[in-house]
Protein chains: 2
Amino acid sequence: MSDIVLEQSDKTRVRRLPERGRYDRDTIDAILDESLICHVGFVADGHPVVIPTIHTRIGDDLYFHGSPAAGILRNLREGADACVTVTLLDGLVLARSAFHHSMNYRSAVVFGKAEEVTDREEKLRVLAALVEHVCRGRSADARGPNEKELKQTLVLRLPIREASAKVRTGPPGDEPEDYSLPIWAGVLPLTLTPGEPVPDNNAATPDYVTRYER
Amino acid sequence: MSDIVLEQSDKTRVRRLPERGRYDRDTIDAILDESLICHVGFVADGHPVVIPTIHTRIGDDLYFHGSPAAGILRNLREGADACVTVTLLDGLVLARSAFHHSMNYRSAVVFGKAEEVTDREEKLRVLAALVEHVCRGRSADARGPNEKELKQTLVLRLPIREASAKVRTGPPGDEPEDYSLPIWAGVLPLTLTPGEPVPDNNAATPDYVTRYER
């Protein structure tokens, strides 16, 4: 837990439905940490490009990794502005009117420029954290990266400085005159749920797989 | 089902792991239709911005809606280039090596310029389709938009012409020498699962809520 509240910038200020805006790092970090993937936006040849990828957060920084050959990482490594957005869906909001249908969600957005992580120790720490982000407990079991794999992996760091979150919770908000309509209204919660593990060998299935939750 | 295969462009060609690329409209459409939300990227004042929003597909077009005051719609309405990305997570791929950890996923990306839908009938059709996209069966029950709400809603159309998908399925792909390691490896499937509906009134809960699935 931290008490950090980020300053609002022209980019991070939530203008549309401002009551949903959150600028405290606790809220932003919790969303970044729960979401398995993010969508990274950048500008390539003047055109917007949005790519899904895995991220992880360590303290005040967000990290990404991938092949140095991947277009997204090449662009970000060269100092392109990035916009990283993560969205967690919490439920369908079925209002009485079509107009007020909505979703309960928590989203976070981080703006900034990424930098390559070149320090070997930091790189190893980030790669372990990326595995832990996806599945807590896994990095102790998995065979760690060798020198060849380290060379084949580009790691980028994006400071969480210009960021905000947007959160909708609760029941539908209908027009006053619609509340008497005989139409079911409410929220249908949604969660990302693990199924039965599909093993690729005969080793014992670890607890972090059988009891996986986010 | 259609037999349409889109031509690859510099933007849509899957360069990284090209064997995961798909260019047939059936695959692209199925991903767009299953995903509850998309992430829309555009360039504002030279900076990339990525916003989550609800979409729906009718035939060869993707549609978005929202307040005319929302920054995203204002930008797209004015002819900004858009990149719309949807991503469905199907499972965690836990390999023997940290390096080969991955996810099973299906993503689709659509590039283009959006146009405002001004025809009243098309607009009404799209607004019903947006509700149906989120919850099939709902648009027949919900109170439809009145004139004031229609005016307050901007609807945009983006043709699905420059688009591609990227799909990963199946077990981990480890290095040959790692297969003998005594580490559990496999896939943990993930699905977006509905929970118990939270009613906002005493009307009977419709089947499309109690039996919701995507």
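1. In this predicted model, strand 10 of chain A pairs across the chain boundary with strand 11 (residues 198–199) of chain B, through 2 bridges. The two strands run antiparallel. Within this pairing, A:V187 lies opposite B:V198 of strand 11 of chain B.

2. The contact between the chains draws on 74 residues of chain A and 75 residues of chain B. On the side of chain A that touches chain B, at least two residues each come from strand 2 (37–44), strand 3 (47–58), strand 5, helix 3 (120–134), strand 10 (186–194) and strand 11 (198–199). Strand 10 of chain A gives the most, with 9 residues.

3. Chain A as a whole contains 5 helices and 11 strands. Its C-alpha trace spans about 65 × 50 × 35 Å along the principal axes. Of its 214 residues, 41% count as buried. Among contacts in chain A between residues at least 6 apart in sequence, 72% link residues at least 24 apart.

4. Strand 4 of chain A is joined antiparallel to strand 3 of chain A by 4 bridges, and A:R57 has A:L62 as its bridge partner. These two strands form a hairpin with 2 residues between them, and A:G59 in the turn has a positive phi of about 60°. Strand 4 of chain A is also joined by 6 bridges to strand 8 (residues 154–159) of chain A, again in antiparallel fashion. Here A:Y63 stands opposite A:R157 in strand 8.

5. In chain B, helix 3 (residues 120–134) has 15 residues and reaches 22 Å from its first C-alpha to its last, close to the 21 Å expected at 1.5 Å a residue. Its buried residues are B:K123, B:V126, B:L127, B:L130, B:V131, B:H133 and B:V134. An α-helix has 3.6 residues a turn, so residues three or four places apart point the same way.

6. The buried residues of helix 3 of chain B pack against elements of both chains: strand 5 (81–94) of chain A, together with strand 3 (47–58), strand 4 (61–66), helix 4 (147–151) and strand 8 (154–159) of chain B.

Conventions:
Residues are numbered from 1 along each chain as its sequence is written. Chains are lettered from A and ligands numbered from 1 in the order in which they are written. This is a predicted model: local features need pLDDT of at least 70, side-chain atom pairs count only at pLDDT 80 or more; totals for chains, interfaces and linings use all residues. The expected span of a helix is 1.5 Å times one less than its number of residues. A residue is buried if 20 or more other C-beta atoms lie within 10 Å of its own, exposed if 12 or fewer, and partly exposed in between; C-beta atoms are placed from the backbone. Two residues are in contact if their C-beta atoms, placed from the backbone, lie within 7 Å. Two strands pair if DSSP finds at least two bridges between them.
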